[in-house]
Amino acid sequence: MLRWHIRRRLVANVFSHKSSSSDTANARDGAAREIERGKKEQKKMVRRKLQLLLLLKPLDDYAVAAQSHGLPRIANPQILHHLDSRSKVHREAIRFCQNVLRRKLVDWEPILRDNVSQPIRNVDMVVTVGGDGTLLHASHFVDDSIPLLGVNSDPTQVAEVEEFGNQYDATRSTGFLCAATVDNFEQILDDILEGQLQPSELSRISICVNSAPLSTYALNDVLVAHQCPAAVSRFSFRIKRNGQSCSPAVNCRSSGLRVSTAAGSTAAMLSAGGYQMPILSRDLQYMVREPISPGAASNLMHGFLNPDQNMEVAWFGKEGVIYIDGCNVCYTVKDEDTLEISSSKAPVLKVYLPPRLLEKRVLPIRRTSDAEKLKVSRL
């Protein structure tokens, strides 16, 4: 009996020792797994810690600015209230975006739009807070490696326009290319940081003057015209492919020549009678503005350029200006200068676009031999 008790105790001690060793090994393995998990999380955090530039529309109150520059004070109290409201909404949007960024694993730096004059480098993304004008301004200083995210800080309020639209311009910011507002900025930013959202690539326009490229690429459009809007612009153009002409030379007397990208086809081009293009199209659309007696060339006053085509423009006149994306960026041209306009030589612009633009499929139909006007097909 004594032997049996001794044997049972010895067996119990053996199993107890094995159990203790097993627990120690499991604890050691668990600790190793925790360390490895921590390293992975740290690597993930490092990967997500992006360098952001927060580009801000200036915080200016129009009424105060007008008074400080000696301009007549706005007397309409409703307009003053509207402008003051816009200023406050924009200021709150900036504060909101900054608070969101403070909670994220990103390094960021704010800068006013008007203080950017050199190419933007050494950042992973630029967040613009303002409207399309602020995003356009940023596009002039980035290449195809830095994506943009636009935050519309002051969207137009439909109810406000319906109530006051017949008394004054109650619209606010369109934000056509802006993917975010304060309502969804944090969610979109999280999707970007987690790799769930990718930027789209938009075409831009390059311009060469006498074979020398201009430093600014157009995201919306290019206008070549006399510096006086009432003066006649004289020029000729032809379309080329691989250095060979694929259209006759067209001599024009008009108020200028506009060339737009797909992104810019909803702006001045659309207002002038052009057509909206699918946002990711690589084509360019051109239009001669108010041509004078075009005659047989009337069907060449409006058309499209394929990505492998370029437009060669010869300017005839003492005073001419190339306007890029509006009036803030411009270059002068003189008599007999030659311009080359194309999309193939311009780097694309990476932009996080609102889903509504990617869902739209609006395709322009090419001009046919028996049609005088372009038609639009909606798929």
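Helices, at least four residues long, and strands, at least two, are DSSP runs numbered from the N terminus. The model described here is predicted.

**Overall picture**

The protein chain holds eight helices and 21 strands. Of its 379 residues, 42% count as buried. Among contacts between residues at least 6 apart in sequence, 69% join residues at least 24 apart.

The mean pLDDT of the chain is 85, and 78% of the residues reach 70 or more.

Helix 6 is largely enclosed by the rest of the structure, because seven of its nine residues are buried. The buried residues are Phe 185, Ile 188, Leu 189, Asp 190, Asp 191, Ile 192 and Leu 193. Just after helix 6, Gly 195 takes a positive phi of about 75°.

Two packed helices are described by the angle between their axes and the distance between the axes. For helix 3 (residues 77-102) and helix 6 (residues 185-193), the angle is about 35° and the axes lie 10 Å apart. Helix 3 supplies Phe 96, Cys 97, Val 100 and Leu 101 to the contact, while helix 6 supplies Phe 185, Glu 186 and Leu 189. These residues divide into six nonpolar, no polar and one charged. The crossing of helix 3 with helix 6 is right-handed.

**Helix 4**

Helix 4 (residues 132-139) is mostly covered, with six of its eight residues buried. Those buried are Asp 132, Thr 134, Leu 135, Leu 136, Ala 138 and Ser 139. They pack against four strands: strand 1 (50-56), strand 3 (125-130), strand 4 (148-152) and strand 19 (349-352).

**Single residues**

Ser 206 is found in strand 6 (residues 206-209). Its relative accessibility is 4%, so Ser 206 counts as buried. Leaving aside residues up to four places away in sequence, Ser 206 touches Tyr 217, Glu 340, Ile 341, Ser 342, Lys 345 and Ala 346.

Most residues other than glycine have a negative phi, and most peptide bonds are trans. Asp 325 has a positive phi, near 55°. Its place is in the loop between strand 16 (320-324) and strand 17 (329-333). Glu 336 also has a positive phi, near 70°, and is found in the loop between strand 17 and strand 18 (338-342). Asp 325 is buried, whereas Glu 336 is exposed.

A search of the whole structure finds zero disulfides. Two cysteines, Cys 208 and Cys 252, are buried. The table gives the relative accessible area of the single residues discussed here.

| Residue | Relative accessible area | Class |
|---|---|---|
| Ser 206 | 4% | buried |
| Cys 208 | 9% | buried |
| Cys 252 | 5% | buried |
| Asp 325 | 14% | buried |
| Glu 336 | 61% | exposed |

Note on methods: Residues are numbered from 1 along each chain as its sequence is written. This is a predicted model: local features need pLDDT of at least 70, side-chain atom pairs count only at pLDDT 80 or more; totals for chains, interfaces and linings use all residues. Side-chain values use heavy atoms; hydrogens and water are left out. pLDDT is the predictor's confidence in each residue, from 0 to 100. A disulfide is a pair of cysteine sulfur atoms within 2.5 Å. Buried means under 20% relative accessible area, exposed over 50%, partly exposed in between (1.4 Å probe, protein chains only). Axes are lines fitted to C-alpha atoms, for helices over the stretch in contact, and angles run from 0 to 180 degrees between N-to-C directions. A crossing is left-handed if the near helix is turned anticlockwise from the far one by less than a right angle, and right-handed if clockwise. Contact means heavy atoms within 4.5 Å. Ala, Val, Leu, Ile, Met, Phe, Trp, Tyr, Cys and Pro count as nonpolar, Asp, Glu, Lys and Arg as charged, and the others, Gly among them, as polar.
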